[in-house]
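Subject: Structure handover

Hello,

I am passing on the structure we spoke about. My notes on it follow below.

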2 protein chains.
Amino acid sequence: MVETLSGILKSIDCGELSAANIGEIVTLNGWVNKRRDHGGLIFADLRDRSGIVQVVFSPEVDESSFEKAESVRGEYVLALRGEVRRRPAGTENESLSTGEIEVYTSELRILNPAKTPPFYITEDVDVDEAVRLKYRYLDLRRPDMQRVMVMRHQTTKAMRDFLDDKGFLEVETPMLTKSTPEGARDYLVPSRLHPGEFFALPQSPQLFKQLLMVSGMERYFQIARCFRDEDLRADRQPEFTQLDIEMSFIDQDKVIDIMEGLVTKVFKEVLGKELSIPFTRLSYHEAMDRYGSDKPDLRFAMELVDATDIAGEVDFKVFATVAKNGGQIKGVNAKGCGSFTRREIDELTEFVGIYGAKGLAWMIVQDEGVKSPIAKFFTEEQLAALVKRLNGEPGDLLLFVADKPAVVADALGHIRLELARRLDLIDKEELNFVWVMDFPLVEYDEAEDRYVAMHHPFTAPLEEDLPLLDDSPEQVRAQAYDLVLNGVELGGGSIRIHRRDIQEKMFSIIGLSEEEAREKFGFLLDAFEYGTPPHGGIAFGLDRWVMLMAGRDTIRDCIAFPKTQSSTDMMTKAPSTVSNKQLKELHLRPGHQGKK
Amino acid sequence: MVETLSGILKSIDCGELSAANIGEIVTLNGWVNKRRDHGGLIFADLRDRSGIVQVVFSPEVDESSFEKAESVRGEYVLALRGEVRRRPAGTENESLSTGEIEVYTSELRILNPAKTPPFYITEDVDVDEAVRLKYRYLDLRRPDMQRVMVMRHQTTKAMRDFLDDKGFLEVETPMLTKSTPEGARDYLVPSRLHPGEFFALPQSPQLFKQLLMVSGMERYFQIARCFRDEDLRADRQPEFTQLDIEMSFIDQDKVIDIMEGLVTKVFKEVLGKELSIPFTRLSYHEAMDRYGSDKPDLRFAMELVDATDIAGEVDFKVFATVAKNGGQIKGVNAKGCGSFTRREIDELTEFVGIYGAKGLAWMIVQDEGVKSPIAKFFTEEQLAALVKRLNGEPGDLLLFVADKPAVVADALGHIRLELARRLDLIDKEELNFVWVMDFPLVEYDEAEDRYVAMHHPFTAPLEEDLPLLDDSPEQVRAQAYDLVLNGVELGGGSIRIHRRDIQEKMFSIIGLSEEEAREKFGFLLDAFEYGTPPHGGIAFGLDRWVMLMAGRDTIRDCIAFPKTQSSTDMMTKAPSTVSNKQLKELHLRPGHQGKK
């Protein structure tokens with residue numbers, strides 16, 4: 001039996017009820033969370049977005065409701081009217097905000113029955129993610145997922161309130177744009193009206209937001225959908241959302257200052273946490289040097305220590321060769337890990353192999369000296385100097401990697417994180433923000449045999465490094481900054497190039513011919529000639545921001561309808577085949593798309 | 001010469017300056033709006049987003065600034081420091097908020113020079129739209145376009161504030177979705193990981209917002225980009241934005257009530273206008289009957305009057321035939337238009353032809369009787385009855401169309417609007433809102449030889465019309481409502497079907513086989529079985545809403561980077577060809593896309 005809602009719309013949300021409502025007649029609409037019979041009565045927990053309240057069906061109050069209630073099961077949708085009463089002494093539920101009261105039903109309507117769901121509609125359900133994604137409409141009914149969605153809403157609301165208050169205008173930029181792949185792969189959209197031509201979905205609103213600066217908008221933002229057709233390693237999604245910001249007439253300090261205000265406001269409004277600003281700033285060089293990462297987690301120390309000068313001089317061939325060829329020998333002190341078994345150390349050796357390190361040297365500091373397979377290559381003085389350099393004390397495990405600087409940083413940077421996890425060094429409550437600055441403008445891409453932009457080719461060089469641009473582009477530092485929270489990149493940005501001549505030089509450095517540059521970015525180069533102000537900005541990954549605030553492990557939990565690693569929507573089964581008529585209209589050949 | 005902004009960031013916006021700042025040293029950044037030499041001084045109007053202020057370069061204050069200023073032209077980007085002084089008596093500019101003061105420059109930097117723009121950066125410039133769109137970054141620099149962008153921002157901010165306050169959650173739904181064309185054509189996105197398969201860009205978030213209701217979100221909204229690959233007749237864009245709203249546990253009255261609150265808040269916050277609610281409601285039937293349109297402009301009367309009973313009985317073959325075949329003869333009274341020339345009336349006849357009317361009968365009411373080519377077919381009494389029916393008075397022009405009801409409504413509905421324009425009957429300041437309700441659920445599509453949903457196939461029938469669903473679907477009214485402002489559809493929505501059996505019946509009525517329905521919408525049908533609440537919602541066209549508030553003639557003026565009628569971005573030249581590598585990765589055959 002299905003009944004209508006007419007005349008019985010909710011007068012109050014379930015979770016809003018309290019002892020203050022005792023004696024009132026209320027109308028409730030919601031889902032049956034649980035139902036049970038007890039002592040000639042039927043009890044149900046009625047749930048809506050606001051929370052849960054206990055409702056009671058008694059034959060003495062309303063015979064017909066009681067009879068209907070006998071057929072009610074979990075997830076049935078009900079509308080009911082009833083009186084709010086105090087629960088009998090001893091039956092209160094302190095874990096529920098509505099636990100002092102219950103609602104005695106005088107009228108019940110079953111708005112919709114429900115089949116038994118494939119998993120429980122409850123907190124932290126233990127079920128395969130594929131099932132959760134297929135039945136996402138049920139997964140999102142679970143209270144922990146609802147909280148994330150509420151938090152996401154609150155986050156964007158707080159962002160918009162802050163930015164509006166600071167004079168930023170939200171401006172929408174196109175989704176159907178021009179394909180100018182530089183970095184990631186574009187998603188393409190065939191044009192029906194222009195046979196053989198394609199739109200691209202934006203990887204970011206970068207060019208449009210810069211053009212808005214040319215147009216004098218001065219302060220722009222947008223919470224924008226972006227698209228990258230990459231293989232979804234790690235925690236990526238084909239479409240993701242970023243808080244995209246751009247300002248004119250600013251410098252790095254000004255951008256950072258405003259953004260610290262934004263971050264502070266959001267964490268305060270959404271989590272009630274007070275952050276202390278200004279955040280720490282590290283140069284890229286220092287971050288790589290001390291933490292082996294350009295997104296260092298500063299919640300714990302265990303810094304990387306350079307020992308090339310000491311270890312490079314010893315009679316150990318591996319070290320000596322690395323030192324001679326301009327490599328590095330660096331170590332970390334795993335405090336108190338001197339008791340690690342040989343097997344644990346072997347695991348760590350295997351672990352650094354993932355990051356390209358050919359080996360992991362180790363020393364255990366003991367009262368009586370150093371225990372290590374390579375101790376024999378060292379003099380007592382050299383060992384003592386090394387232990388001192390790493391602040392080694394008895395009971396410590398010193399770990400060394402010798403290789404090219406990039407490999408040393410990557411391997412030790414990751415071992416640092418791995419040890420912190422194993423040793424439980426991280427305070428989960430801490431929110432540690434750091435700005436990483438002064439990135440290199442370009443890096444050399446061996447595979448492509450050319451320079452590529454480290455951020456993107458619109459990033460401005462530091463003024464003082466401009467003279468190096470012609471002959472030593474790899475030495476030029478960019479006016480770029482990343483904001484890192486607990487070792488995760490929250491956002492990144494830069495001051496942009498606003499002069500045509502420098503932009504053209506940048507395109508040339510990364511190997512774009514004049515013709516290609518004009519073909520792809522001619523409109524931007526032209527725009528720069530009509531009075532373009534100095535400008536810069538930043539973009540934050542919203543999905544990841546919410547994930548960090550909500551304490552979830554994957555951004556999929558922070559997106560209402562995410563895709564799987566193979567870029568599929570498990571619920572709607574997109575992508576899918578389409579009709580030949582659709583393909584023909586788009587000038588695509590039916591039947592050929594499946595074959596390479 | 002290009003100089004840096006370092007150390008000379010703006011301390012205040014140009015438009016913020018007033019007599020209150022006299023004596024202060026300020027730093028300004030902006031564009032040169034105008035420059036002129038006068039009496040050994042150089043004057044410039046410096047413009048930023050906030051407004052304009054006059055700056056003065058005097059060799060006595062700073063020789064170097066004065067010399068630089070000689071090279072300055074319109075749209076140059078400047079940074080300057082100077083003292084705010086009161087303008088000499090008699091040189092104040094009352095039309096400018098900063099007109100009492102001027103800034104004497106003690107330091108000037110030229111941040112970027114500018115070529116002469118292709119059109120003036122000024123209010124209401126008279127230049128071809130193609131040129132404006134090509135140089136959109138300059139077009140958006142014009143004050144009237146900046147105002148529209150500010151208004152758009154304020155509009156979405158007010159919407160979000162209102163909805164947040166009412167407990168709505170903004171939830172983002174996917175842009176890469178499944179193709180389920182029903183109505184308009186989908187934009188498709190080829191999948192790289194799934195050869196031969198495609199995503200579709202959403203025509204609206206309809207299905208996802210309904211699934212969010214299944215998931216218990218209760219109150220959802222989103223300012224969402226939508227895509228329809230239609231031929232861009234009239235004022236359409238391939239991508240447009242809608243304020244998308246959905247609610248659970250509501251009925252039509254509740255939706256309308258909340259939406260009136262929303263509209264009232266937005267018009268108050270953005271335009272400072274107080275609207276009076278509730279808005280008028282008209283049934284679809286009444287709207288068609290009285291105004292010949294389902295989006296009637298109620299700012300003027302000139303209602304359509306049915307005269308079939310009188311005119312169908314006369315000895316005029318055209319009228320008699322129409323009446324006999326179930327058609328209508330209806331007229332409007334063009335008040336005071338009895339002086340129209342024969343040529344003007346011929347123009348109107350041609351005009352109704354556009355809407356399928358085969359002719360336009362006319363009568364001029366004169367003191368001495370009725371002047372009309374068809375008067376001879378009428379008796380005196382019949383003429384008098386007709387004139388009376390249309391409230392004709394001497395000097396009035398009565399216009400009649402006789403045809404099938406749909407043609408009569410369309411032709412007379414349009415003639416009504418055309419006459420209102422010609423006679424200037426419309427008060428441009430008035431904001432006339434009306435809800436049009438009780439739409440037919442389906443209409444018969446002659447071309448497709450099947451019923452099609454009038455709104456979309458998820459619209460719920462009126463409860464009381466459910467018994468008609470099987471045998472007379474065309475007589476079933478929908479729980480659908482459109483909000484019309486000044487004859488323009490601002491938004492539309494409905495209560496949705498939330499029961500699987502009714503949804504399946506609806507699919508069957510519009511000709512979807514069980515298999516097709518399952519293939520396309522299986523996930524929705526499944527979802528309906530797990531406890532789906534009664535729900536409904538609405539969507540407003542944001543671009544059009546802003547257009548109406550800003551008093552612009554096209555939505556292109558309300559979109560930062562719109563496309564042309566041929567779906568091209570004039571600035572970036574999208575769509576464009578892409579590389580063979582890109583096509584191959586998407587399993588598309590290079591070189592074949594251009595040929596049908």
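Glu75(A) lies in the loop of chain A that runs between helix H1 (63-69) and strand E4 (77-86); helices (H or I, at least four residues) and strands (E, at least two) are DSSP runs, numbered from the N terminus. Glu75(A) is not a glycine, yet its phi is positive, at about 75°. With a relative accessible area of 4%, Glu75(A) is buried. Buried means under 20% relative accessible area, exposed means over 50%, and partly exposed is in between (1.4 Å probe, protein chains only).

This is a predicted model, in which local features need pLDDT of at least 70 and side-chain atom pairs count only at pLDDT 80 or more, while totals for chains, interfaces and linings use all residues. Residues are numbered from 1 along each chain as its sequence is written, chains are lettered from A and ligands numbered from 1 in the order in which they are written, and side-chain values use heavy atoms, with hydrogens and water left out.

Backbone

Chain B also has a residue with a positive phi that is not a glycine: Asp124(B), at about 40°. Asp124(B) is in the loop between strand E5 (101-112) and helix H2 (129-134) of chain B, and its relative accessible area of 57% makes it exposed. Most residues other than glycine have a negative phi, and most peptide bonds are trans.

Two cis peptide bonds in chain A are on my list. One runs from Ile277(A) to Pro278(A), with omega near -5°. Pro278(A) sits in the loop between helix H6 (252-271) and strand E11 (280-283) and is exposed, with a relative accessible area of 65%. The C-alpha atoms of Pro278(A) and Phe433(A) are 9.4 Å apart, although 155 residues separate the two along the chain. The other cis bond joins Ala574(A) to Pro575(A), with omega near 0°. Pro575(A) is in the loop between helix H15 (542-550) and helix H16 (580-585) of chain A.

Salt bridges

How many salt bridges does the structure hold over all chains? The total is 124, where a salt bridge is a side-chain nitrogen of Lys or Arg within 4 Å of a carboxyl oxygen of Asp or Glu.

One of them pairs Lys10(A) with Asp48(A), and their closest N and O atoms are 3.0 Å apart. Lys10(A) is in the segment before strand E1 (25-38) of chain A and Asp48(A) is in strand E2 (residues 41-48), so the pair ties together parts that are 38 residues apart in sequence. Both Lys10(A) and Asp48(A) are buried.

Another salt bridge links Glu504(A) and Arg500(A), with 2.9 Å between the closest N and O atoms. These residues are four apart in helix H13 (residues 500-509) of chain A, so about one helical turn separates Glu504(A) from Arg500(A). Glu504(A) is partly exposed, with a relative accessible area of 35%.

In chain B, Asp346(B) forms a salt bridge with Arg342(B), the closest N and O atoms being 3.6 Å apart. Both residues belong to helix H10 (residues 342-354) of chain B and are four residues apart, about one turn of the helix. Asp346(B) is partly exposed at 39% relative accessibility, whereas Arg342(B) is exposed at 53%.

There is also a network in chain A: salt bridges with shared partners join Arg132(A), Arg136(A), Asp139(A), Arg142(A), Asp144(A), Arg552(A) and Asp557(A).

Surface patch

Arg228(A), Arg233(A), Arg236(A) and Lys295(A) form a positive surface patch. Patches are made of residues with over 30% relative accessible area and no salt bridge, and like charges are joined within 9 Å. Arg228(A) is partly exposed, with a relative accessible area of 33%, and is found in the loop between strand E9 (219-227) and strand E10 (239-248) of chain A.

Val148(A) is in helix H4 (residues 143-165) of chain A and counts as buried at 3% relative accessibility. Its C-alpha atom is 25 Å from that of Glu172(A), which is 24 residues away along the chain.

An unreviewed UniProt entry places the feature "domain: Aminoacyl-transfer RNA synthetases class-II family profile" at residues 157-575 of chain A; such annotations may be inferred rather than shown by experiment. Over residues 157-575 the chain is 31% helix and 21% strand, and the end C-alpha atoms are 32 Å apart.

Regards

Definitions and conventions
Patch = residues over 30% accessible without salt bridge, like charges linked within 9 Å, V, L, I, M, F, W, Y side chains within 5 Å. Areas by Shrake-Rupley, 256 points an atom, 1.4 Å probe, with all protein chains shown as cover. Lys, Arg positive; Asp, Glu negative; His and termini not counted. Charge placed at Lys NZ, Arg CZ, Asp CG, Glu CD.
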